[in-house]
Structures are given as structure tokens and as C-alpha cells.
Amino acid sequence: MSINQMSYAYGASKSSIREIAAYGSARKAEIGAENVFDFSLGNPSVPAPDAVRDSIGHALTLPAVSLHGYTPAAGLPQARKAVADSLNRRFGTGYAPADLYLTCGAAGSLSIVFNAIVERDAACEVAVVAPYFPEYKVFIENAGAKCVEVLADPATFQIDVAAMAAAINEHTVAVLIDSPNNPVGSVYSQQNLEDLAAVLREKSATYGHTIYLVSDEPYRELAYGVEVPWVPSIYDATIVCYSYSKSLSLPGERIGWILVPNTNPDHDSLVFAVAGSGRKLGFVCAPALFQRVLIDCVDVPTNLDAYVRNREALLSGLSELGYEYIEPQGAFYLWMKALEPDENAFFERCKKLELLPVPSESFGCHGWVRLGYCVSYETIVNSMPAWKKLKESYAQ
Ligand code: PLP
């Protein structure tokens, strides 16, 4: 029997977020959906915009051969041009369609990027800011690198630049960030990113190789009154991984892109390595129908109304009850302090009241839980008596 041990371990251990969601679904079937308050998944609760349906309707009038056929591996030229033009309008940059590689969402983008920059068997390391999206470790390790966790500043949840500087060594090939952040909802400030960039420039010079900044941005459009800085304008050797899973509510359709900005010192080689990595991993091309949707919908604004309303209801409800949390600046997650140091024990008590957040151990730190507020408004409002009961139970 020949089984890849890493694949076996990942298959056998499962994602705890998905396990909680599966428990939530089973519990809803048992006691009624209205009695379970499932805050586990990051599945958008806002429907995809009408423009997406219109675009699909239009695409369906095309001959089936061209609609369903293979596209170029990097994506349809018109789709890449639409994305490049949009970025140039928004960020005053001068990107070309050739700088873009369309992918199966941010997960696909990250897998391709790490396989493009990590030299297997060379003891490469990728540093991530903890707490972090758990799949990062899977993508990094699968590419053959070590995932090095660097805790965020515990007060602000901005990048702890001094800690990051201490963690970078001659093996570091990249630092991975995501802002707006999952799970905390923080948005890294211009100053924080500039400080990080200064460290990366210095360390690249010290170790004689480029240290990339991989910026994972599926939540870029989900920000509440703060500006999300454009990272390639701050650090030349940035690679952006983007997805329409959250901004256009299309997580099941698997569409996103990788941008290799022309500021990268080894831009042309990197573009080839990204293409080779997509080929190596067998992606072939991004979903053709949704590449066409991008041509029509790349500038359709994200509908934030429901998340704004949910965010307000959740924050005001929980703060009235005396819960402590980090006020989210973006994404659709609330990072809340558990009422005891062991977040798993806290989660067990939540569960008894049918409250389902995700314990912070999944994200690489202790003492917190994540609540996804991409749920119905009613779920938030109706969960408040249970949160109240939970708080009171700790006062006894
Ligand atoms: N990166 C982060 C931070 C995420 O939260 C997610 C999904 O929740 C992904 C990447 C993967 O997103 P996609 O659906 O685009 O693959």
C-alpha cells in the first residue's frame, strides 16, 4: 500500500471549522434551524449580484463549444484585460493582462504561488501572521516549506514587525499576510505595512535573495470605513492572491487571480514559474464560465449592507452583555475573547446553548473564538439570550 502520509494526515484530521459546521447542520435537523446559532463558516450570506446572473444568461447564448471549451491556462485575454484595467483605474498602476493568472479562487492562487516560489528540499520557510486562516499551513507545507507562525501584536492585531524581523532567516522565501484579516477582521495600516516592507528589504539584502510578500486579499472589498492599502505600492516584491468568493459571493464557483506586479525584480521568471506551477498542479484553467462573468462584473460593487447591519447588531449586543472583542475593520468575522483561558472549554459551554463559534486553537492561538457574521440578521438577534445566559453562567 502506498499512501502519501501528508495527504493522509490532512484527510484524516479534517478542518475543525467544517466539523463545527457539519455539527451545526445536524443539530438544525434535530431541533430546528431557528434554535441553532451557527457562526462557524465564512460562507457569504449575501446573494451574488444580479449582474452575475445577467452575465451567465448572456454567456449561455454562446455556442457550447466556445462556452465550455478550455481557455488559455492563464485565462481568457479579455478577462485578464478586464481585471488589469480595473486595477489600473483603482490603484493608478500600470499592470498588463500578462501580469495576471486566473485561478480557482484564493485557495488555488495560494497553492500555485507557494509551488512557484518554494524550492522543494531547500529547507524553505514561509512566515504567517498568527492567528491565521488554517488552510495556509496546508498550502505552505504541501509546497514543501515550513509554516512559521508569528503572533500578531496582542493589543492591536496589526503585524508585530519586530517579531516578524526576528523570525525571518536565510530560509525565509516569503511572508504571507491577509488584510482585511480572517479571523480577526483587522486591516493593516499603511504605516504597519511600510514598517514590514522596510524589514523585508533589509532582510532580502542581508540574505541575498528576494523575500516575497504574498498578500492574500479575498476580503479586500469588505471594509467598514477604513482604507485597505494597496500592498504592491508599498513593497515591490509583492504577489497578490485575490478571489471573488466573498466580494461577489461566488465561493462555490472557484474564481480568482494571481497578480505578479511589474515592480517585482524577477517579474518575468516569476510569471513563468506561476504558469509552470498551475500546470504542475493540474489546474489546466480557471472555470471558463466565470472567467466570462469577470469580463462583465469586475467592477460590480460589493453589497455590504447586510454585513454592516449584522456587524452593528453583533457588536452592540455583545458589548452590552460585557463581552470583549476586537472591533472588526473588515471581512465578516468577530474575534471575541473567550470567557476562560481555554477556548475549547469555552466552546463546549457555548455548544450547550446551541452557540457555535470557532475556537481560536484552529487559527494558531489561544483564549479567543471567531464568530462569522455572514449569517442572517435573525440569527444574530435571536442568539442574544443565549449569549446572555452564557455570560451569566460565568458570573456564578
Ligand atoms: N484566504 C482566506 C483568508 C480565506 O478566508 C479564504 C476562505 O475563507 C480563502 C483564502 C480561500 O478562499 P477561496 O474561496 O477564494 O478559495
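## Charges over aromatic rings

R349 is placed over the face of Y394, at 3.8 Å from the ring centre. The structure described here is a predicted model.

## Aromatic pairs

How many aromatic pairs does the structure hold? There are 17 aromatic pairs. One of them joins W335 and W368, whose rings are stacked, with 5.8 Å from centre to centre and 10° between the planes. W335 belongs to strand β10 (residues 333-337) and W368 to strand β13 (residues 368-372), so this pair ties together parts that are 33 residues apart in sequence.

Are W335 and W368 buried or exposed? Both are buried. They also belong to one aromatic cluster, which is formed by F157, W335, F363 and W368.

## Helix α12 and its surroundings

Helix α12 spans residues 305-320 and therefore has 16 residues. From its first C-alpha to its last, α12 reaches 23 Å, which is close to the 22 Å expected at 1.5 Å a residue. After α12 comes G322, a residue with a positive phi, near 95°.

Several residues of α12 are buried, namely Y307, N310, R311, A313, L314, L315, G317 and L318. Which elements do the buried residues of α12 pack against? Their partners are β9 (325-326), β10, β13 and α14 (377-395). Strands β10 and β13 are also the strands that hold W335 and W368, respectively.

## The seven-stranded sheet

Seven strands make up an open sheet with mixed pairing, in the order β2-β8-β7-β6-β5-β3-β4. Why is one side of β2 and of β4 left without a neighbour in the sheet? Strands β2 (100-103) and β4 (146-151) stand at the edges and each has a single partner strand, so one side of each has no neighbour there. From one strand to the next, the twist averages 20°.

Strand β7 (residues 238-243) and strand β8 (residues 256-259) run antiparallel and are joined by four bridges. In this region, Y242 stands opposite W257 in β8.

## A helix across the sheet

Which strands does helix α7 lie across? Helix α7 (residues 135-142) lies across β3 (125-130), β4, β5 (172-178) and β6 (212-216). Relative to β5, helix α7 runs at about 155°. One of the strands that α7 lies across, β4, is an edge strand of the sheet.

Methods
Residues are numbered from 1 along each chain as its sequence is written. This is a predicted model: local features need pLDDT of at least 70, side-chain atom pairs count only at pLDDT 80 or more; totals for chains, interfaces and linings use all residues. Side-chain values use heavy atoms; hydrogens and water are left out. Two strands pair if DSSP finds at least two bridges between them. Helices (H or I, at least four residues) and strands (E, at least two) are DSSP runs, numbered from the N terminus. Axes are lines fitted to C-alpha atoms, for helices over the stretch in contact, and angles run from 0 to 180 degrees between N-to-C directions. Contact means heavy atoms within 4.5 Å. Rings of Phe, Tyr and Trp (its six-membered ring) pair if their centres lie within 6.5 Å; planes under 30 degrees apart count as stacked, over 60 as edge-to-face and the rest as tilted. Buried means under 20% relative accessible area, exposed over 50%, partly exposed in between (1.4 Å probe, protein chains only). A charge sits over a ring if NZ of Lys or CZ of Arg is within 6 Å of the ring centre and within 35 degrees of the ring normal. The expected span of a helix is 1.5 Å times one less than its number of residues.
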